[in-house]
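Work through the exercises below with the structure open beside you. Try each task before reading its solution.

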Amino acid sequence: MGKTGQTKRKQKQSRRRRHASKPVTHQSLQSRKKSKTVITKLHVLNKELEKIKNDDTLTADEKNKKGESLHKQIEELGGLDTYQQISKLGEYCHGNTNTSKWVVQKLQEYKVNPTEGTLDLLDVGALDLNYKKEKWLKTTAIDLNPQRPEIVKADFLSFQHNTLYDILVLSLVINFAGDPVKRGDMIKKAADLLKPQGYLFVVLPLACLQNSRYLSAGLFKELLNSVGFHTVCTHDSQKLTYLMAQKTGVNSQKTFNKRLVRNGKKRNNFSIILKWGS
């Protein structure tokens, strides 16, 4: 066999090995197009649930009936379990990487190291023990629907802890909340849980900032600044936007309501509302 034939055989073997290394996932989640459709439907239903809860024109019985119908539709799609499985599959589709690699890279790049001992990190919406290998990080992982026993079952907005954190990660968490006000509350909660000069990492679908009628990258940075965060750096991949910010402790408590920043038929309606006081 000539060199050309040997090269082709090696290339085929290499492709087979790469194919064999794909993670085993549920058959119905193999289609990326179908996965995207399921994620979109879950987000829409979750948003509708929040609308019902906040609709003062509905009676308690009407809210219960509408809520039960929406919960049934969510369960038929697989609920939060399916959302998490698709999220893990999405990591594979984007090169088998997740937020933790970017977080660790930026912490090292900006020399965020412990003077002694470890740094305390809160990983919100954790699908796995993403920072287990990083011995210099003492990580608390929380999620509404933990996939591992080591992950604490908790709602971020009601999460209580005796100590503050050096680092807090909100990876694809803010966009999962259906209520724009709760999204703003999450950012304020992050500031409350961080130590002075602590670091916040946020990951959102790129479309939330680049294709929304009501939010842009610049406006999001202004919103963070209002809560007391200075943007350190950002990075955009094909589908996601990453942001690293540092807590300054100086906040203007400026209110951000839903307002049009760009128009167009194909825009989405993602927004974050920031309110202060009762």
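## Exercise 1: D192

D192 is found in helix α6, which spans residues 180-193. Helices here are DSSP runs of H or I with at least four residues, strands are runs of E with at least two, and both are numbered from the N terminus. The model is predicted: local features need pLDDT of at least 70, side-chain atom pairs count only at pLDDT 80 or more, and totals for chains, interfaces and linings use all residues. Residues are numbered from 1 along each chain as its sequence is written, and side-chain values use heavy atoms, with hydrogens and water left out.

**Task.** Decide whether D192 is buried or exposed.

**Solution.** Step one: recall the cut-offs. Buried means under 20% relative accessible area, exposed over 50%, and partly exposed in between, with a 1.4 Å probe and protein chains only. Step two: take the value. D192 has 57% relative accessibility, so D192 counts as exposed.

## Exercise 2: S171

**Task.** Find the strand that holds S171, then decide whether S171 is buried or exposed.

**Solution.** Step one: S171 lies in strand β4, residues 165-171. Step two: the relative accessible area of S171 is 18%, so S171 is buried.

**Task.** Which residues does S171 touch, not counting residues up to four places away in sequence?

**Solution.** Step one: contact means heavy atoms within 4.5 Å. Step two: on that count, S171 touches T99, V124 and V203. Step three: look at the side chains of S171 and T99, which a polar contact of 2.6 Å joins. Such a contact is a pair of N or O atoms within 3.5 Å; within protein, one must be able to donate a hydrogen and the other to accept it, and residues adjacent in sequence count only if both atoms are side-chain atoms.
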